[in-house]
Amino acid sequence: MNGKKATKTGDYTPPGLLYTFLLCLRLIFFSNKAFFELFHDKRLTYNLITIFLLMLAIPVKVFTTEKIILFNPGRFIENILLSLIFISFLYLLIPKKETTFTGYLRVFLGFEVVDIFGAVTLLLSGKTLDFYTAVLLGWYLSLAVYAVAKIAKLEYVVGFMLVFFAFLVTNFVPVFLGG
């Protein structure tokens, strides 16, 4: 049996929530080391789920109506479902699946830390809010392209096409289900 004795016996200290959060912050600035640590360390899964749920509770200002959205259970569930649809559909589009879904999911849950910068939208209005929202969305999608290209060993152009297609499909899901 391979592995450390602490892993075999269960006598280990799992990484803390703060450590996982700081690892995610390094990840959203395109750190390869953080990417591979999140991808391979199974112990971070519950921390990443917790961080993902906390990020969804951050209030933001919508750029179309400039209305501030505080915690709303319906919006919370909708964001969880749309995020999981995007992540799952993108995983299905990857041509060479040499990885497990859980490692892939851990990386994408780490990307949700970008949402912490969404709180800045509370201070913005008008064209500045539109621009900032576009920058945040572009940042998240570029992280997705980075991850798909790394995981599937694809060119960035092919990764971009996969991410863009998954993004479009995910945005049409509420239209088809909502009527």
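Leaving aside its neighbours within four places in sequence, which residues is lysine 67 in contact with?

1. Lysine 67 is in contact with Val60, Lys61 and Val62, its neighbours within four places in sequence being left aside; contact means heavy atoms within 4.5 Å. Lysine 67 sits in the loop between strand S1 (60-61) and strand S2 (68-69). Helices (H or I, at least four residues) and strands (E, at least two) are DSSP runs, numbered from the N terminus. Lysine 67 counts as exposed, at 55% relative accessibility. Here buried means under 20% relative accessible area, exposed over 50%, and partly exposed in between (1.4 Å probe, protein chains only). From lysine 67 to leucine 122 there are 55 residues in sequence and 9.3 Å in space, C-alpha to C-alpha.

2. On the basis of the note: this is a predicted model, in which local features need pLDDT of at least 70 and side-chain atom pairs count only at pLDDT 80 or more, while totals for chains, interfaces and linings use all residues. Residues are numbered from 1 along each chain as its sequence is written, and side-chain values use heavy atoms, with hydrogens and water left out.

3. Two packed helices are described by the angle between their axes and the distance between the axes. For H5 and H6, the axes come within 11 Å and cross at roughly 135°. Axes are lines fitted to C-alpha atoms, for helices over the stretch in contact, and angles run from 0 to 180 degrees between N-to-C directions. H5 and H6 are therefore oblique to each other; angles under 35 degrees count as roughly parallel, over 145 as roughly antiparallel, 65 to 115 as roughly perpendicular and the rest as oblique. Leu84, Phe86, Ile87, Ser88, Leu90 and Tyr91 in H5 meet Phe101, Tyr104, Leu105 and Phe108 in H6. These residues divide into nine nonpolar, one polar and no charged. In that count Ala, Val, Leu, Ile, Met, Phe, Trp, Tyr, Cys and Pro are nonpolar, Asp, Glu, Lys and Arg charged, and the others, Gly among them, polar.

4. Threonine 99 belongs to the loop between helix H5 (73-93) and helix H6 (101-111). Threonine 99 is buried, with a relative accessible area of 17%. Apart from neighbours within four places in sequence, threonine 99 is in contact with Phe39, Tyr91 and Ile151.

5. H6 also packs with helix H4 (residues 45-56), at an angle of about 35° and with the axes 9 Å apart. On the H4 side, Thr45, Leu48, Ile49 and Phe52 meet Arg106, Leu109 and Gly110 of H6. The contact residues here divide into four nonpolar, two polar and one charged.

6. Isoleucine 116 lies in the loop between H6 and H7 and is partly exposed, with a relative accessible area of 30%. Not counting residues up to four places away in sequence, isoleucine 116 touches Phe21, Met55 and Ile58. Isoleucine 116 and isoleucine 58 are 58 residues apart in sequence and 7.1 Å apart in space, C-alpha to C-alpha.

7. Most residues other than glycine have a negative phi, and most peptide bonds are trans. Phenylalanine 30, not a glycine, has a positive phi of about 65°. Phenylalanine 30 is in the loop between helix H2 (17-27) and helix H3 (32-40), and counts as partly exposed at 37% relative accessibility. Lysine 153 lies in the loop between H7 and helix H8 (156-178) and counts as exposed at 59% relative accessibility.
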